[in-house]
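This report walks through one protein chain, from its overall build to a handful of individual residues. The sequence and the structure come first, and the description follows.

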Amino acid sequence: MRFCWRCELDIKSLIRDVPGYPAEGVVYRDLTPVWANPEAMRYITDTVSDHLRSLQTQAVAAIDARGFIFGAPVAARLNVPFVPIRKAGKLPPPVIGTDYDLEYGTARLEVRTGAVEPGQNVAVIDDLLATGGSAGAGVKLITSLGANVVSIAVLVELTFLGGRATLPAGLDVFSMVQY
C-alpha cells in the first residue's frame, strides 16, 4: 500500500479492525500493519518528535509493551533518554509502582527509581488511549519522581471511552488517529 506522508487517513487505513476480539462487542485496533510499514513509522516518529520537541521534552517514558514501539524511536530522534514503564515485576529493583483500574480488575505499572531527574520535562508515550488508566498511571509514576509530564502522546485515541477526561486538567494530549 502506498503511503501519503501528509494524510492522517492513510495511517488509519493501515489499522486493521478485528471485531469480537478479545471479547464479543469489542473492536480491536490491530496496529501490526502500521509497524510493518516503514514509511508510516517514519512519519509517526517525525510527527510525534516534532510535537514533543516544541514542548522542550528532555526524556521519553513509554508504557509496556506497545508504547515501546513508538517511544524508543521518538526518544532516539529527539536524542533524549528512553524510560521504560513496565508491568509489575519486569524491572529489577529499586522501582516504584502504582496500581490502576482496568475494565475488569486492576493492574500495576512500575518504573526504575531515579529513571528521570526532578524538574525534567518528560513525555509519556503509549500506543492507544482508551479509558486513560495506563496513561494516568504513567503520569503518576513520572510525577512522583519529581519530573514534569509535558505530554501524553499516543498513536490512537478511542475518544468515545473518555480517557482524555481522566487525565490531569491542562495536560497536553497528542493523538494522531481518533475513533
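Gln 56 lies in the loop between helix H3 (38–53) and strand S3, and in this predicted model its phi is near 55°, a positive value in a residue other than glycine. With a relative accessible area of 53%, Gln 56 is exposed, because the cut-off for that class is over 50%.

**The chain as a whole**

The secondary structure of the chain comes to 6 helices and 9 strands. Its radius of gyration is 16 Å, close to the 16 Å that the globule rule gives for 179 residues, and the chain is therefore as compact as a globular protein of that length. Along the principal axes, the C-alpha trace spans about 45 × 40 × 30 Å.

Of the 179 residues, 46% count as buried, while the chain exposes about 8900 Å², of which carbon and sulfur atoms supply 55%. Among the contacts with a separation of 6 or more, 57% are made by residues 24 or more positions apart. The side chains include 16 positive and 18 negative ones, and the centres of these two sets lie 4 Å apart.

| Residue | Strand | Relative accessibility |
|---|---|---|
| Glu 110 | S6 (residues 105–112) | 11% |
| Asn 121 | S7 (residues 121–129) | 18% |
| Val 154 | S8 (residues 148–157) | 3% |
| Phe 174 | S9 (residues 173–178) | 18% |

Glu 110 counts as buried at 11% relative accessibility, because that value falls under the 20% cut-off. Its side chain reaches the backbone nitrogen of Gly 89 at 3.1 Å. Leaving aside neighbours within four places in sequence, Glu 110 is in contact with a run of residues from Pro 84, Ile 85, Arg 86, Lys 87 and Ala 88 through Gly 89, Lys 90 and Leu 91, and also with Val 95, Ile 96, Gly 97 and Leu 141.

Asn 121, in strand S7, is also buried, with a relative accessible area of 18%. Apart from neighbours within four places in sequence, the contacts of Asn 121 are Leu 55, Gln 56, Thr 57, Gln 58, Ala 59, Asn 148 and Val 150.

Val 154 and Phe 174 can be read together, for Phe 174 is among the residues in contact with Val 154, and Val 154 is among those that Phe 174 touches. Val 154, in strand S8, counts as buried at 3% relative accessibility. Although Val 154 and Ser 175 are 21 residues apart in sequence, their C-alpha atoms are 4.9 Å apart in space. Beyond neighbours within four places, Val 154 is in contact with Asp 126, Asp 127, Leu 128 and Leu 129, as well as with Phe 174, Ser 175 and Met 176.

Phe 174, in strand S9, counts as buried at 18% relative accessibility. Not counting residues up to four places away in sequence, Phe 174 touches Thr 47, Val 48 and His 51, together with Ser 151, Ile 152, Ala 153 and Val 154. By contrast, Lys 140 is 34 residues from Phe 174 in sequence and 18 Å from it in space, C-alpha to C-alpha.

**Backbone details in the loops**

Most residues other than glycine have a negative phi, and most peptide bonds are trans. Against that background, a few loop positions deserve a look.

Asn 79 has a positive phi of about 60° although it is not a glycine. Asn 79 lies in the loop between helix H4 and strand S4 and counts as exposed at 70% relative accessibility.

Terms used
Residues are numbered from 1 along each chain as its sequence is written. This is a predicted model: local features need pLDDT of at least 70, side-chain atom pairs count only at pLDDT 80 or more; totals for chains, interfaces and linings use all residues. Side-chain values use heavy atoms; hydrogens and water are left out. Helices (H or I, at least four residues) and strands (E, at least two) are DSSP runs, numbered from the N terminus. The radius of gyration is taken over C-alpha atoms; the globule rule is 2.2 Å times the number of residues to the power 0.38. Buried means under 20% relative accessible area, exposed over 50%, partly exposed in between (1.4 Å probe, protein chains only). Contact means heavy atoms within 4.5 Å. Accessible areas come from the Shrake-Rupley method with a 1.4 Å probe; for residues, only the protein chains shown count as cover. Lys and Arg count as positive and Asp and Glu as negative; His and the chain ends are not counted. The place of a charge is taken as NZ of Lys, CZ of Arg, CG of Asp or CD of Glu. A polar contact is a pair of N or O atoms within 3.5 Å; within protein, one must be able to donate a hydrogen and the other to accept it, and residues adjacent in sequence count only if both atoms are side-chain atoms.
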